[in-house]
Amino acid sequence: MNMKIILSRKGFDSQYGRQASPILPDGTLLSLPIPSEDELTYDAILWAGLSYLDIIRRLKPRSYLNENSHCHLDPDLRAISIKRENGWMPAYGQTGSSLSELRTNGVKKGDLFLFFGWFKQTEYYQGKLRYVPKSPNLHVIYGYMQIGEIIESAEKIPCWLRYHPHANMENYKEAWGKEMNAIYLPTNHLSFAPELSGSGTFDFKKNLVLTKEGYSRSRWDFPEAMRGIPISHNPYGWKSDYFQSAAIGQEFVMDGTPAVMDWIKKLFKKDMDE
């Protein structure tokens, strides 16, 4: 049975956060989690000695987010982002219609999430971090997770995972009761590249960019061999020279055909920048 590949949209967008996540000058793809009513605040998440709130404000000084702004850290892929309990591993939660999309398309253990979002290139100018002027708005793949376990009931949540927003019984009690909440945990290693961890993040390289050069960010450029492959949410998205992704939706599922898997394997090759 073929692996399913899920392109999963995450992070700031024009409605939630209202600015692009940064491609940092060192190539780090730092996805900024959307605002929420969860417990975690932006100033509690760290990267390279700065809080996420520091980074947001440096890039957009007039951001509406502040010290009291809470966020939805999901997927949670970076071990160093916050303090961890013993046993921690990356985790990703989904609920509601987006979870239904995954279930309808038969997403299961062994399938692969590719997390993408809205990014722009940044630089240091006169000692300050800023977006590169006139840099394009891009959809970029920044992380991944091959599914090793799916938690579909609150009783099966391990103690170390209680921090996760989808494990919060106050916010998700009704969803758990209706069996409309799930948390995905990774495999130890990728089945098609066993030398690599089953989940993680990417540093920027050109072949992680979904957006076709010179086009709006929702118009994607795939290898010609993938043309016509059905992608959920917009099965009629294939145009003459690009794929038009759906404006609404988080999970875009396709079968791991030989052409798709060839594309996937190239994403994980560090020496490729095509």
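I take a residue as buried when its relative accessible area is under 20%. The model I am reading is a predicted one.

**Entry: strand β1**

I looked up β1 (4-9) and found this strand mostly covered, with six of its six residues buried. Which residues of β1 point which way? I noted Lys4, Ile6 and Ser8 on one side and Ile5, Leu7 and Arg9 on the other, and all are buried. The pattern is what I would look for, because in a regular strand the side chains alternate between the two faces of the sheet.

Next I checked the neighbours of β1 in the sheet. β1 pairs with β17 in the antiparallel sense over five bridges, and I recorded Glu251 in β17 as the bridge partner of Ser8. With β8 the pairing of β1 is parallel, over five bridges; there Ile5 stands opposite Leu112.

**Entry: Lys10**

I moved on to Lys10, which lies in the loop between β1 and β2 (21-23). Is Lys10 buried or exposed? I read a relative accessible area of 8%, so Lys10 is buried. Its side chain makes a polar contact of 3.0 Å with that of Ser8 and one of 3.1 Å with that of Gln250. Leaving out residues up to four places away in sequence, I listed what Lys10 touches; among them are Asp74, Tyr92, Phe115, Phe116, Tyr142 and Glu251.

**Entry: helix α4**

In α4 (residues 258-267) I found Val260, Met261, Trp263, Ile264 and Leu267 buried. Why do they fall on the same side of α4? They cover an arc of only 155 degrees around the axis, which puts them there. I kept the general rule beside this: an α-helix has 3.6 residues a turn, so residues three or four places apart point the same way. I then looked for what the buried residues of α4 pack against, and found β1, β8 (112-125), β10 (138-151) and β17 (251-255).

**Entry: helix α3**

In α3 (residues 169-177) I marked Tyr172, Ala175 and Trp176 as buried. They span an arc of only 100 degrees around the axis, which puts them on the same side of α3. On the other side of α3 I found Glu170, Lys173, Glu174 and Gly177 exposed. The cover over the buried residues of α3 includes β7 (92-95), β10 and β11 (181-186).

Asn168 caps the N-terminal end, with a side-chain oxygen 2.8 Å from the backbone nitrogen of Glu170. Just after α3, Glu179 takes a positive phi of about 55 degrees.

**Entry: Glu67**

I located Glu67 in the loop between α1 (52-59) and β6 (70-71). Glu67 is partly exposed, at a relative accessible area of 42%. How far apart in space are Glu67 and Thr41? I noted 7.2 Å from C-alpha to C-alpha, while in sequence they are 26 residues apart. Not counting residues up to four places away in sequence, Glu67 touches Thr41, Asp43, Leu53 and Arg57. With Arg57 there is a side-chain polar contact of 3.0 Å.

**Entry: cysteines**

How many disulfides does the count come to? With sulfur atoms required to lie within 2.5 Å, I got zero disulfides. I also looked up the accessibility of two cysteines. Cys71 is buried, with a relative accessible area of 1%, whereas Cys159 is exposed, at 61%.

Note on methods
Residues are numbered from 1 along each chain as its sequence is written. This is a predicted model: local features need pLDDT of at least 70, side-chain atom pairs count only at pLDDT 80 or more; totals for chains, interfaces and linings use all residues. Side-chain values use heavy atoms; hydrogens and water are left out. Buried means under 20% relative accessible area, exposed over 50%, partly exposed in between (1.4 Å probe, protein chains only). Helices (H or I, at least four residues) and strands (E, at least two) are DSSP runs, numbered from the N terminus. The arc is that of the directions from the helix axis to the C-beta atoms. Contact means heavy atoms within 4.5 Å. A polar contact is a pair of N or O atoms within 3.5 Å; within protein, one must be able to donate a hydrogen and the other to accept it, and residues adjacent in sequence count only if both atoms are side-chain atoms. Two strands pair if DSSP finds at least two bridges between them.
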